[in-house]
Amino acid sequence: MDNFNSKIKNKNVIVDFYASWCPPCKIMAKSLEEFDVIDTSSVEIYKVNVDEETVLTQQFGIKQLPTIIFFKNGKPVKKFIGVLR
């Protein structure tokens, strides 16, 4: 993802680390899409394909999928692994 740090700077962001071949990732993606429709004003959502963005995947220590990281003002504040409901 080009300019990742500038995209999350001074914002509240949810980053979904996923893979296209991962069934739980597809479930999580649907939940995030529904959330994005409900509230688009306070949080931005970005998706990072771990197969394409290996540097970011390593930088944030992604070992299991899906992994969701919440960023506040450019800093990671919470990490969730697996499907959240």
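Predicted model: local features only at pLDDT ≥ 70, side-chain atom pairs only at ≥ 80, totals over all residues.
**Exercise 1. How many bridges join strand E3 to E4, and do the two run parallel or antiparallel?**

Residues are numbered from 1 along each chain as its sequence is written, and side-chain values use heavy atoms, with hydrogens and water left out.

*Solution.* 
Step 1: Find the strands. Strands (DSSP runs of at least two residues) and helices (H or I runs of at least four) are numbered from the N terminus. E3 covers residues 67–72.
Step 2: Check the pairing. Two strands pair if DSSP finds at least two bridges between them. Here 6 bridges join E3 to E4, and the two run antiparallel. Along this pairing, Thr67 stands opposite Ile81 in E4.
Step 3: The open sheet has 4 strands in the order E2-E1-E3-E4, with mixed pairing. Its edge strands, E2 and E4 (75–81), each pair on one side only.

**Exercise 2. Work out which parts of the chain the salt bridges tie together.**

*Solution.* 
Step 1: Apply the rule. A salt bridge is a side-chain nitrogen of Lys or Arg within 4 Å of a carboxyl oxygen of Asp or Glu. The structure holds 2 of them.
Step 2: Take Glu44 and Lys11, whose side chains meet at 3.7 Å, N to O. Glu44 lies in strand E2 (44–49) and Lys11 in the loop between helix H1 (4–8) and strand E1 (12–18), so the pair ties together parts 33 residues apart in sequence.
Step 3: Take Lys47 and Asp16, which meet at 2.9 Å, N to O. Lys47 is in E2 and Asp16 in E1, so this pair ties together parts 31 residues apart in sequence.
Step 4: Look at exposure. Buried means under 20% relative accessible area, exposed over 50%, and partly exposed in between (1.4 Å probe, protein chains only). Lys47 is partly exposed at 40%, whereas Asp16 is buried at 0%.

**Exercise 3. Which residues have the most contacts inside the largest nonpolar core?**

*Solution.* 
Step 1: Define the core. It is a set of buried Ala, Val, Leu, Ile, Met, Phe, Trp, Tyr and Cys residues joined through side-chain atoms within 4.5 Å.
Step 2: Read off the residues. The largest core has 17 residues, and Phe4, Val15, Phe17, Phe60 and Phe71 have the most contacts inside it. H1, E1, E2 and E3 are the elements that give two or more residues to this core, and E1 brings the largest share, 4 residues.
Step 3: Follow Phe4. Leaving out residues up to four places away in sequence, Phe4 touches Val15, Leu56, Phe60 and Phe71, where contact means heavy atoms within 4.5 Å.
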